[in-house]
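This report covers selected local features of the structure shown below.

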Amino acid sequence: MIRFIIKRLLLGLFVLAGVSVITFTVARVVPSDPAARWVGPRANAEQIAAARIELGLDKPLPQQYITYMKGLFTGDWGTSIRTHQPVLRELLSFLPSSLELILAGMLIAVVIGIPLGVISAVKKDSWIDQLTRTFSVGGVSIPTFWLGLILQLVFFRQLSLFPLGERVSTNTSLLYPIDNWTGFYLLDSLLQGNFDFFKDAALHLVLPALTMAAYPLGLVIRMIRSSMIDVLGEEHIRVLKAYGIPAWRRVFVYGLKNALGPTATSLGLTFAYALTSTFLIEAVFSWPGLGMYASQAILANDYPVTMAITFLVTVTYILINLLVDVVVAMLDPRIKLYQNA
Amino acid sequence: MNSNSLPAPLPPVIEETSAGRAYKLKEFILFLRVHKLAAIGLSIIVILLIIAVIGPLISPYPDDAYKAVHLENKLLPPSWAHLFGTDELGRDLLTRTIYGTRLSFQIGISVILLSILIGIPYGLISGYFGGWVDNVMMRVCEVFLSFPSMLLSISIVALLGPSLNNMMLSIALSWWPWFARLMRSEAVAIKERGFVEAAKSMGVHPLVIIFRHIWPNSLSVIIVQISMAFGSVILTAASLSFLGLGAQPPTPEWGLIISTGRAYFLTNWWYVTFPGVFILLTVMAFNFLGDGLRDYLDPKTRNS
């Protein structure tokens, strides 16, 4: 197990090196002058030249790359050209808000997806199975940004059930302010016993979280369905039937346990997908998170931020995949990691 | 980790005779009858493709596709004159959605062609020669596959600058490794078969073996991958355009129409609704077809 983890981490480092080379190269071959943008539109040639030296752009490319890599490991992820703030600090301040959104979406996906997938597998080829499968393909096919807009049309405009966007209404944040402990609004307000804030933040979270849930929901249904069909056909489940174990116990206790592994693996992959979905969902719901910060930076051609985001998402992706593999292996004694590593 | 590490048995090679072709057709019809969702998907794709091809002929107001301005007609709800309503410049949204279909299929085809042009030779060479060549080439591939494809596209297009062409290039750059890896595993499996061994022993040039014997025999798997990829590519293109990173106004691109419509949609529901329905239908259709084809070609699920 330890050997497997070390091997995967080394492979991860290799991937990160590759990713950093790609983003670094693309950022440098692009015909745009970061120094000119750093000092603003009204700077003269001397100021631009000074900025070029300040940003280290006068050094040869390999040296710039080494400086960049050193920074990545020592916590200096560069400075945003747009805001002149350290990129890493800005990223970390926006991270909790996006994580809250992603986790809420994944939770919805798992809670609805598992029962639907199981029913679909048990009633294979019935009308309910066809309907669930269509629903599941719909979930992975629907354009996230459009789903968000349609939910706003229905639940804000027509039914007035949920707010249009943002994390909390201005009134609430002024009347019942909370201290920023973790950056997760729901958690912070609960810990501080501020239920007015909690209620308002929860209402604001519903529509973005539903939008976020669509893709993982489709995936969970599909994975649970196909692994349940495999598992239910196996002999040990048929033996349970012969022993007179009731159907619901066979399906939900013995069957589901064996179907969760592949589902957990695909959920891990989805997490990275969810990180990119935040670009779209946060734009639709004016949600102040990582995705919104990233798209603003991208449109402003703020390359240190673009590179940092790519790097952060890649690190998250590698770590989550590793974590999922280890957890699944710990839950299922039949899997031996070191053989396949 | 993969429990099914056994290579999938290859489909029988059917001779290119008239009888062989008739057999293939018959089997395809049988496939569509069993996989109803795939049949529905294929029908939707065919309809959309026809709309895309004859778009300029059936659009009620072809001039509205790009730059026309009719402020007297702005933001009209759906009616017989404008089935999908009109936008803030009075352009007919049905026309723009039809031109969007055309554009989306063009984007899909260009991106897939480009990814195939890079990915297929890459995978064939890597798989056929094996050894350290294969090792190096596949590690490079893995770097590309190790992070979400849409993020890669976003970063590349962000750094290159937003435009329709840069967007297509960036999507292709994130898709080719999928084709490369698939092609490689096919090449590895096929090169062990008798007719390749025979060709080798007769001294046929490796490039001839690759393109004459290995490539045609892996077509079916590539077609499944194309069908799965097509929907994804269209969805990514619409998403990037929505973020302002792809097509630029006044291009009638679905994602861009919805992005512009955001300023008006709360009081004019039709603006974003119809282009979105078209994206959803297109992507779903390709996923239905891809799923069906994959089930059909995968012997593990074939009889279940």
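## Annotated span

Which residues of chain A does UniProt list for "domain: ABC transmembrane type-1"? The unreviewed UniProt entry gives residues 95-324 of chain A. The model described here is predicted. In it, the span 95-324 of chain A is 81% helix and 0% strand, and its end C-alpha atoms are 21 Å apart.

## Helix α5 of chain A

Helix α5 of chain A covers residues 87-122, 36 residues in total. From first to last C-alpha it reaches 50 Å, close to the 52 Å expected at 1.5 Å a residue. The helix α5(A) has a kink of about 35 degrees at A:L95, shortly before the proline A:P96.

## Packing of α13 and α14 in chain A

Helices α13 (residues 290-299) and α14 (residues 303-331) of chain A have axes that come within 9 Å and cross at roughly 145 degrees. The crossing of α13(A) with α14(A) is left-handed.

On the α13(A) side, the contact involves A:L290, A:Y293, A:A294, A:A297 and A:I298; these meet A:V305, A:T306, A:I309 and A:L312 of α14(A). Of the residues in this contact, eight are nonpolar, one is polar and none is charged. An α-helix has 3.6 residues a turn, so residues three or four places apart point the same way.

Most residues other than glycine have a negative phi, and most peptide bonds are trans. A:E166, which is not a glycine, has a positive phi of about 70 degrees. A:E166 sits in the loop between α7 (144-158) and α8 (170-175) of chain A.

In chain B, the peptide bond from B:P249 to B:P250 is cis, with omega near 5 degrees. B:P250 is placed in the loop between α10 (219-242) and α11 (254-261) of chain B.

Note on methods
Residues are numbered from 1 along each chain as its sequence is written. Chains are lettered from A and ligands numbered from 1 in the order in which they are written. This is a predicted model: local features need pLDDT of at least 70, side-chain atom pairs count only at pLDDT 80 or more; totals for chains, interfaces and linings use all residues. Side-chain values use heavy atoms; hydrogens and water are left out. Axes are lines fitted to C-alpha atoms, for helices over the stretch in contact, and angles run from 0 to 180 degrees between N-to-C directions. Helices (H or I, at least four residues) and strands (E, at least two) are DSSP runs, numbered from the N terminus. A crossing is left-handed if the near helix is turned anticlockwise from the far one by less than a right angle, and right-handed if clockwise. Contact means heavy atoms within 4.5 Å. Ala, Val, Leu, Ile, Met, Phe, Trp, Tyr, Cys and Pro count as nonpolar, Asp, Glu, Lys and Arg as charged, and the others, Gly among them, as polar. UniProt positions are given in the numbering used here, feature names are shortened, and annotations may be inferred rather than shown by experiment. The expected span of a helix is 1.5 Å times one less than its number of residues. The bend at a residue is the angle between axes fitted to the seven residues ending there and the seven starting there.
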